[in-house]
Amino acid sequence: MTQGWTLAELATATATTVRGNAERRVQAVAPFEQAQAADISYVRDPKYARLLPSSQAGALILTPDMAEAYQGDALLSHNPYLSYARLVNFMHPLQRPEPGVHPTAVLADDVQLGAAVAIGPQAVIEAGAVLEEGVVVGAGCYIGADVCIGANSFLYPNVTLAAATELGQRAIIHSGTVLGSDGFGFVPDATGWYKIPQVGRVCVGDDVEIGANTSIDRAAMGETYLGNGVKLDNLIHIAHNVHIGDHTVIAACTGIAGSARIGQHCQISGMCSIAGHLTIADHVTLTGTSFVINSITQPGVYSSGIPIEEHALWRKNTVRVRQLDKLTRRINALEKQLADLKNSSL
Amino acid sequence: MTQGWTLAELATATATTVRGNAERRVQAVAPFEQAQAADISYVRDPKYARLLPSSQAGALILTPDMAEAYQGDALLSHNPYLSYARLVNFMHPLQRPEPGVHPTAVLADDVQLGAAVAIGPQAVIEAGAVLEEGVVVGAGCYIGADVCIGANSFLYPNVTLAAATELGQRAIIHSGTVLGSDGFGFVPDATGWYKIPQVGRVCVGDDVEIGANTSIDRAAMGETYLGNGVKLDNLIHIAHNVHIGDHTVIAACTGIAGSARIGQHCQISGMCSIAGHLTIADHVTLTGTSFVINSITQPGVYSSGIPIEEHALWRKNTVRVRQLDKLTRRINALEKQLADLKNSSL
Amino acid sequence: MTQGWTLAELATATATTVRGNAERRVQAVAPFEQAQAADISYVRDPKYARLLPSSQAGALILTPDMAEAYQGDALLSHNPYLSYARLVNFMHPLQRPEPGVHPTAVLADDVQLGAAVAIGPQAVIEAGAVLEEGVVVGAGCYIGADVCIGANSFLYPNVTLAAATELGQRAIIHSGTVLGSDGFGFVPDATGWYKIPQVGRVCVGDDVEIGANTSIDRAAMGETYLGNGVKLDNLIHIAHNVHIGDHTVIAACTGIAGSARIGQHCQISGMCSIAGHLTIADHVTLTGTSFVINSITQPGVYSSGIPIEEHALWRKNTVRVRQLDKLTRRINALEKQLADLKNSSL
């Protein structure tokens with residue numbers, strides 16, 4: 001068992017204040033229900049305040065209000081969830097491998113490496129690539145020609161950055177993700193589909209995180225662009241020439257078609273489908289499975305998708321959806337007939 | 001041409017009985033419509049019994065009932081589909097590469113390898129990893145620090161298991177799949193989104209198969225868990241802290257959000273979307289494109305998703321869906337007016 | 001700055017004719033709104049003709065009709081979009097790496113390489129593979145046993161072709177894509193799910209392009225087949241034994257279940273779900289998020305999916321969808337009552 005940390009140390013690290021025994025030591029962070037005497041946990045929502053007396057945790061991060069219902073040692077915060085995130089970050093800092101180039105990595109002669117760069121085994125880095133200081137390239141990554149990676153960016157193993165991709169500082173890219181694959185562009189010709197060479201690139205701002213097995217296509221011309229602070233989850237498709245504004249977050253399995261322009265501070269849930277050549281305003285929230293085929297000009301929450309019902313009922317209702325226009329016209333007719341009947345009986 | 005197998009041999013291998021010439025030899029298994037004299041095939045469903053006389057197959061796997069309508073040689077089984085699966089398994093056993101570590105693989109000094117482990121070219125295995133006997137690691141796989149892989153598990157090329165992932169015995173993982181990428185967790189702070197370090201891991205039971213390009217995130221804290229006998233298809237997203245019960249199968253392109261708890265023996269079809277922090281009971285079947293936003297407490301079959309119609313009709317009906325609440329209130333009003341009219345005309 | 005090309009040279013390369021100064025030089029291609037004096041651009045649609053006088057481009061590709069509204073130098077084409085594609089192809093031909101096998105690549109002894117094949121670093125090619133002339137295998141690719149790759153095919157880095165996959169000529173496969181993973185086939189047995197070995201393969205015609213992180217499963221028996229000229233985007237799932245006809249294009253995030261048979265010249269948009277064991281006719285267009293559960297026998301455009309609305313309205317309407325069958329029966333009753341009332345008041 002490690003020696004752990006005193007609450008005083010953790011308060012300093014998280015910009016919180018201790019209530020109770022500042023010398024109490026905790027070893028780990030744990031979920032509220034599982035936390036024991038050596039653990040610290042947190043309560044995010046006042047609605048769980050009733051559970052506080054049952055906690056076995058050594059300490060809790062609480063708002064001052066919530067702390068009134070709790071006898072134990074606490075770190076006081078006006079945003080316990082954020083303080084918890086800072087705590088975990090302090091207790092479990094991102095492990096950066098030792099700087100250096102693994103002997104099995106293959107680097108072109110003119111690759112430029114900043115200070116303290118770490119290149120993992122079997123990685124390949126092509127001519128003209130520039131990796132600023134502190135960049136980590138995981139095992140098996142492929143870094144194409146003329147790629148630029150900003151300082152302290154971290155690529156997990158088996159990431160592919162195609163030629164000319166530009167990543168900002170402090171990017172985190174998870175395994176299996178591909179940046180810079182060709183956009184999907186073809187013109188019909190006499191015999192089939194003629195490929196439009198995709199001669200643009202992918203350009204990503206600072207503090208961007210991209211999950212696993214996501215793909216971001218290079219632009220046909222110009223740039224596919226992700227702004228500063230953008231966060232993408234797993235298995236997302238970003239087509240050519242898409243523009244995503246700063247601090248927008250996108251959950252897994254969402255697809256965004258070509259040249260769509262997404263605003264800043266949007267929150268796009270999982271499995272959304274966004275058509276191409278449209279604009280979404282800043283501060284738009286889309287709930288899960290939203291299907292967007294027109295521009296959204298006003299901030300707000302938008303939804304589509306029909307939740308499940310029992311299969312037998314679904315079979316009946318789904319038939320009716322296809323009759324909806326007819327049903328509406330039957331309602332129109334009923335209203336007219338009823339009005340006529342009322343008039344005639346006056 | 002190989003010598004093939006006698007029906008007697010195949011009956012022993014599949015726990016079936018021969019009807020007809022036990023010494024007949026077949027060389028291969030083939031689909032019913034294509035099977036020729038050197039092939040063996042099967043009929044799964046009695047509704048196809050009428051096709052039996054037209055078969056060109058050298059032999060068929062049939063139920064005793066179906067066999068009455070067939071003159072040729074047969075293997076009799078009460079479950080021809082399962083017997084067919086056993087037959088293919090016997091005729092085409094999984095090819096395991098020769099044990100040994102390829103000279104281009106990169107292994108940390110303290111990696112523990114059981115007997116008869118095979119490590120392919122360009123694979124990378126980090127410190128503390130434990131691979132039990134008979135494990136196969138394909139070319140280009142990445143096995144992170146402290147990963148444990150149970151006996152006889154088989155990783156196809158280019159699989160990524162991030163640090164601390166635990167796989168049970170006899171797992172099969174297909175190419176491009178990533179286990180242990182960070183869950184998607186951020187807290188808003190003054191400037192954007194603050195990352196919550198994901199300090200849990202992925203834990204997978206025995207006899208699990210996972211398709212290609214699937215991603216399974218590590219837990220924020222604790223475990224993302226797949227039970228024994230779980231089967232996942234391609235391009236599936238499993239978020240952090242999801243729990244999937246034993247023997248549940250999930251088809252391609254489905255996404256499951258964080259902390260969802262899926263029961264045992266569920267059958268989840270393709271392109272389903274399951275929201276986070278909900279529970280699905282055992283023995284639930286979801287049909288394709290099901291959208292689940294609340295817990296399902298009872299076993300049964302559930303559905304959502306509206307099948308296609310002709311585009312012009314869809315345009316009309318889809319407008320009406322957005323008027324449905326209004327339409328319902330118009331029906332309410334009609335019912336009331338009609339009742340009033342009837343009363344007044346009494 | 002490069003010397004660029006004269007309009008005369010570009011006209012020859014694109015089979016267009018110059019109107020104006022054939023000796024004018026341009027350096028690059030650019031989008032219409034951004035094109036400056038050193039750039040050439042195009043206008044695809046006559047509806048943008050009103051913008052022509054504002055263009056800053058050095059030259060434009062236009063139809064003869066559109067060119068009447070434009071004073072500058074032009075390349076005249078009856079299909080400016082196709083001429084633009086040819087122009088980009090001429091100015092930016094696909095960069096093929098120098099032929100040769102990188103010393104870190106691992107090739108089985110009996111691999112057959114045609115003339116001018118290029119194998120990138122860390123690639124692995126198993127026994128029996130045949131690569132015809134001009135094939136490019138990117139860094140980190142895995143080529144399984146007995147794979148055949150047709151002449152001049154181009155695999156970007158980190159592609160996986162499992163054993164026995166057959167690719168035609170001039171294929172382009174983007175990073176992270178997997179061909180030949182096992183189909184998803186299991187039979188229930190006494191204890192759970194018994195795997196059906198997938199002993200077929202993937203067979204791909206000529207002139208096929210496949211995007212990033214797509215997965216195409218091998219057949220249970222026989223072939224999963226993509227016809228000539230098929231184009232697949234990113235993150236697509238093609239299940240075992242699917243057959244896709246010549247020149248069909250499929251956009252990102254679409255999933256096609258087992259044994260579906262898709263016609264020729266189909267256009268399938270993004271995030272579509274196509275059930276298994278059905279047939280789609282030639283020349284079918286599916287719009288985004290289409291959900292297909294029955295065969296489509298006639299060419300035409302088909303759609304499903306409900307676009308977003310404001311969240312509060314969606315909550316109301318989505319409840320009503322689940323009452324649709326009841327609502328319909330209420331309309332039926334109203335119609336009957338109204339008819340009765342009319343009859344009785346006669």
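A word on bookkeeping. The model is a predicted one, in which local features need pLDDT of at least 70 and side-chain atom pairs count only at pLDDT 80 or more, while totals for chains, interfaces and linings use all residues. Residues are numbered from 1 along each chain as its sequence is written, and chains are lettered from A and ligands numbered from 1 in the order in which they are written.

Take the meeting of chains B and A to begin with. Here 61 residues of chain B are in contact with 59 residues of chain A, contact being C-beta atoms, placed from the backbone, that lie within 7 Å. On the chain B side, the elements that each supply at least two residues are strands S21 (178-181), S22 (186-188), S23 (193-195), S26 (215-217), S38 (291-292) and S39 (300-303), plus helices H4 (311-321) and H5 (324-345). Helices (H or I, at least four residues) and strands (E, at least two) are DSSP runs, numbered from the N terminus. H5(B) gives the most to this side, with eight residues. Sorted by class, the side of chain B that touches chain A has 32 nonpolar, 21 polar and eight charged residues; Ala, Val, Leu, Ile, Met, Phe, Trp, Tyr, Cys and Pro count as nonpolar, Asp, Glu, Lys and Arg as charged, and the others, Gly among them, as polar.

Strand pairing also crosses between these two chains. Strand S40 (residues 309-310) of chain A runs antiparallel to S39(B), joined to S39(B) by two bridges; pairing takes at least two bridges found by DSSP. A:Glu310 has B:Tyr302 as its bridge partner in S39(B).

The contact between chains C and A takes 59 residues from chain C and 61 residues from chain A. Giving two or more residues on the chain C side are helix H3 (80-91), strand S40 (309-310), helix H4 (311-321) and helix H5 (324-344). H5(C) gives the most, with nine residues, and by class this side of chain C has 27 nonpolar, 22 polar and ten charged residues. Here, strand S39 (residues 300-303) of chain A runs antiparallel to S40(C) over two bridges, with C:Glu309 as the bridge partner of A:Ser303.

In chain C, five strands form an open sheet of mixed pairing in the order S2-S7-S6-S5-S4. Its edge strands, pairing on one side only, are S2 (17-19) and S4 (28-29). Strands S6 (residues 59-62) and S7 (residues 74-76) of chain C pair in the parallel sense over three bridges, where C:Leu62 stands opposite C:Leu76. H3(C) lies across S4, S5 (39-42), S6 and S7 of chain C, running at about 130° to S6(C); axes are lines fitted to C-alpha atoms, for helices over the stretch in contact, and angles run from 0 to 180 degrees between N-to-C directions.

Conventions:
Two residues are in contact if their C-beta atoms, placed from the backbone, lie within 7 Å.
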